[in-house]
Amino acid sequence: MYMRRTMHKHLIALFNRFNLRSLTTLPQNHEPISVVNPNHLLRVCTVLYQQQNSPESRLQTHLRTCEFHLTHEFFLQVCNKFPLSWRPVYKFFEFTETQPGFHHNSVTFNKMVDVIGRSRNIDLFWEVLQEMGRRRLANDKTFAIALKTLASIREMKKCVEFFHFMNAQGYGYSLETLNKIVQILCRSKLAVEAKEIVLKLKTSIPPNGVTYGYLIKGFCDTGDLIQAAKVWDLMVDERFEPGIDAVEKMMETLFKTNRFDEAMKLFQAMRITRIDEMGLPTYSLLIDWLCRTGKVSQAHMVFDEMLKREIHPDNKTMSSLIYGLLTKGRVREANNIMKGIERPDIAVYHGVIKGFLRLRKPGEATGVFREMIKRGCEPTMHTYIMLLQGHFGKRGRKGPHPLVNFDSIFVGGLVKAGKSLEACKYVERMMKRGMEVPRFDYNKFLHYYSDEEGVLMFEEVGRKLREVGLVDLGDVLLRYGEKMATRGRRRDRGGEP
């Protein structure tokens, strides 16, 4: 008994170290969010965890002995403590149903049904959904949780049955709700399931152009151009016109899958039939891919057409043109465009840096890096990774000096990450020279050193690199070390009372 009380005190002390923040979701009646007592919450959650397999009468007896104020916020906090375990949450729900004066709303029901769905108790999940329908507490979020859970496990019959059941409860067949569900499923890489739901509900909820547009974009995101084309044809057969966003998504997917001619045919068809709907996003997309593939002359023609239609380019479009010109060695033209931009942002600087790195001129790229810092444009992690790849190479660089020898850097990174065994294996293979050097993950390298020790390391290595004449590379590492130090000081100030 003494050990149990001592353990409970330690748990309370540990629990109090964390600041509990209330959920931002308000109940439908817009009641003020009550403050949850962490000690009461810990006690209730402890009972639910320890007694979750006990008989219902015993569990409820233990809960009645706990001192706590039952509110909607308290129920939500209990659900948060068991995000993947349905039994404690549902047991607590059954207990709350016996409490006079407390009534669940859509927010609490949605939270509970989400936990049950994540734990894959589909029978109970279906029962609770039906109960929500009978109580008229279902909303769009309920539909989203239900359909996403059921579609992810291929319960397609229940997906369709859910719409029919909700219609019987007075919710009606809503095309707006169906479109929201299709959009959510397609964003979750469930385009096949979304299409099946649409086709099975076609007689009850006729789809429109928005529905088919979401399906096209969903299949494009998964790289399934065949299904996207089938939906496109079905859409045209039903006399719906694809939205401009669906057209752009199809073009982008065609470019990504190296079907350049088909993408250009689609663009030409849009120019003939729907040129008034084509705006900056369409032109920017085409110019970007033309410059990526080295077709700078065609990109200039598209750019001139855009200007004739009085569509003003943004920095992203100008960045693509600059990159395309630099890859062709037309540095002077790229500099003229760069000077003409009044307010260059990170996209413009990245285009210039990538262009110089493509020409294998890391020194010029580092000069652009210095200029963007002077103008107050803060570099991102991607900026540092590009510059490191430009100086070291994607697979690492061999050099006589240990500071620029990829083998020593790679082994040091493995040791820093705590992977001593992998480092030893690499050294053995390196000595035998019997394997190809793997591609170095600069992202993980910077992540492993983004701490207090890393700040000192970058400062020391940057200084030594400058001493041996590698000024550009030293400046990049020094700047990254300063960024980590500044971030640490900001974090320390934020933690002060």
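**Aromatic pairs, helices and loops in a predicted model**

Phe68, Phe74, Phe75, Phe92 and Phe95 form one aromatic cluster. The model described here is predicted. Over the whole structure, a search finds 16 aromatic pairs. In one of them, the ring centres of phenylalanine 74 and phenylalanine 92 are 6.2 Å apart and the ring planes meet at 50 degrees, so this pair is tilted.

Another aromatic pair, formed by phenylalanine 255 and tryptophan 289, is stacked, with 5.6 Å from centre to centre and 10 degrees between the planes. Phenylalanine 255 is part of helix 14 (residues 244-256) and tryptophan 289 is part of helix 16 (residues 280-292), so the pair ties together parts that lie 34 residues apart in sequence. Phenylalanine 255 is buried, as is tryptophan 289. The ring of tryptophan 289 also has a charge over it: the charged end of arginine 292 sits 4.4 Å from the ring centre. Elsewhere, lysine 158 lies over the face of tryptophan 126, at 5.7 Å from the centre of the ring.

The axes of helix 2 (residues 38-50) and helix 3 (residues 56-65) come within 10 Å of each other and cross at roughly 165 degrees. An angle over 145 degrees counts as roughly antiparallel, and helix 2 and helix 3 are therefore roughly antiparallel to each other. The crossing of helix 2 past helix 3 is right-handed.

Helix 22 (residues 381-392) has twelve residues and, at 1.5 Å a residue, should span 16 Å; the C-alpha atoms at its ends are 16 Å apart, which agrees. The buried residues of helix 22 are Thr383, Tyr384, Ile385, Met386, Leu387, Leu388, His391 and Phe392.

Arginine 154, in the loop between helix 8 (140-152) and helix 9 (156-168), has a positive phi of about 65 degrees. Its relative accessible area is 43%, so arginine 154 is partly exposed.

Conventions. Residues are numbered from 1 along each chain as its sequence is written. This is a predicted model: local features need pLDDT of at least 70, side-chain atom pairs count only at pLDDT 80 or more; totals for chains, interfaces and linings use all residues. Side-chain values use heavy atoms; hydrogens and water are left out. Helices (H or I, at least four residues) and strands (E, at least two) are DSSP runs, numbered from the N terminus. The expected span of a helix is 1.5 Å times one less than its number of residues. Buried means under 20% relative accessible area, exposed over 50%, partly exposed in between (1.4 Å probe, protein chains only). Rings of Phe, Tyr and Trp (its six-membered ring) pair if their centres lie within 6.5 Å; planes under 30 degrees apart count as stacked, over 60 as edge-to-face and the rest as tilted. A charge sits over a ring if NZ of Lys or CZ of Arg is within 6 Å of the ring centre and within 35 degrees of the ring normal. Axes are lines fitted to C-alpha atoms, for helices over the stretch in contact, and angles run from 0 to 180 degrees between N-to-C directions. Angles under 35 degrees count as roughly parallel, over 145 as roughly antiparallel, 65 to 115 as roughly perpendicular and the rest as oblique. A crossing is left-handed if the near helix is turned anticlockwise from the far one by less than a right angle, and right-handed if clockwise.
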